[in-house]
Amino acid sequence: MARPSWTSDPVEEQRRRKRDVVRRLRAQGRYGPRFRDVLPSFTVLAVLVCAAVAGLVAGFRAIGVVVPVVGVLLSAVLLTVAVRRRRPGARRRRGHYTPQELLELDIQGLALAVARMLRRDQWKVRLLPAPDRPRLCARHQDGRRLDVAFRPVAEPLPDEAVPHPRAHGEDPDSFIHVVVHRGTFRARDVRWARREGRTVLLDGPALARWADGASLDKLLAGEP
C-alpha cells in the first residue's frame, strides 16, 4: 500500500534528525574530526609502520634475529614511556592541566598547580603555604622575580601589603607581582593593577592557556 504524500518516511526522518544533530555537534566542536581531517595522520602513521617493518626485515636478513628482537623491545619501551607520560597524574606533575581540573582544585591545589607550571617554564619556585592565602616566590635565571598571590580580587587585603624588593643591589624593575584568579577580574581590579605598576592579572582564560602549555612570558607580555 502506497504511503500518503503528506506523511514522511520514518527512516528518512531519522536520517534527517541525525544529520541535524551531527551538524550541531560539529558547529560546537564536539563531534570530532572528519575522516579527511585524520587521513594525513593515518597516512604518515602507515608509512612509518611500513618503513619500520621493512627496516626490521632488512636487518634480519643482514644480521639475524638480533635486529627484530631489539626493535620490538625498543618499541615496547617507547610505547610504555609514551603511555605513562599521557597519564593524568604524570601530565599534571609536568605542569599541564585541563580547564576542568583547574576548576576542581582548592586554593592549595591551585597554588601547587601554578608552582608546577612555573617550574615547567624554568622558574625556581618557593611555596609559602597558608590555610587560605598561599603565596609563591619565584626566580628566573635571567634575574626576574615573581610574587604570586591567589585571591578573588586583585586589591590587597587590609592586613597584607604588596611586597616590594628590598635586597641591596637588585633591580626593582625585575620584580613582578602576579595575581591569579580562576574567574574574571573586575574593572576596578584592572585599574588597581595599572596604578600599582609591575602587576599582572591572570584570569581564568589566561590561566587555562598557561596550563595548556602556553609560555608564561607570553602571558606576562599580554600576547594572545
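Trainee: Which residues of the largest nonpolar core touch the most other members?

Mentor: A word on the source before the answer: this is a predicted model, in which local features need pLDDT of at least 70 and side-chain atom pairs count only at pLDDT 80 or more, while totals for chains, interfaces and linings use all residues. Residues are numbered from 1 along each chain as its sequence is written, and side-chain values use heavy atoms, with hydrogens and water left out. A nonpolar core is a set of buried Ala, Val, Leu, Ile, Met, Phe, Trp, Tyr and Cys residues joined through side-chain atoms within 4.5 Å; buried means under 20% relative accessible area, exposed over 50%, and partly exposed in between (1.4 Å probe, protein chains only). Here the largest core has 28 residues, and Val114, Leu118, Leu146, Val148, Trp210 and Leu216 touch the most other members.

Trainee: Which helix gives the most to this core?

Mentor: Helices (H or I, at least four residues) and strands (E, at least two) are DSSP runs, numbered from the N terminus. Helix 6 gives the most, with seven residues.

Trainee: At what angle do helix 6 and helix 8 pack?

Mentor: Axes are lines fitted to C-alpha atoms, for helices over the stretch in contact, and angles run from 0 to 180 degrees between N-to-C directions. Helix 6 and helix 8 pack at about 50°, with their axes 10 Å apart. Contact means heavy atoms within 4.5 Å. In this pair, Leu110, Val114, Met117, Leu118 and Arg120 of helix 6 meet Leu207, Trp210 and Ala211 of helix 8.

Trainee: And Leu216, what is in contact with that residue?

Mentor: Leaving aside neighbours within four places in sequence, Leu216 is in contact with Leu118, Asp121, Trp123, Leu146, Leu202 and Trp210.

Trainee: In what order do the strands of the sheet lie?

Mentor: Two strands pair if DSSP finds at least two bridges between them. This open sheet of five strands has the order 1-2-3-4-5, with mixed pairing. Strand 1 (123–128) and strand 5 (199–202) are the edges, each with a single partner strand, so one side of each has no neighbour in the sheet. From one strand to the next, the twist averages 20°.

Trainee: How many bridges join strand 4 to strand 5?

Mentor: Four, and the two strands run parallel. His177 has Thr199 in strand 5 as its bridge partner. Helix 7 (residues 187–196) lies across both strands, at about 155° to strand 5.

Trainee: Is His181 buried or exposed?

Mentor: His181 is buried, with a relative accessible area of 16%. This residue lies in the loop between strand 4 and helix 7.
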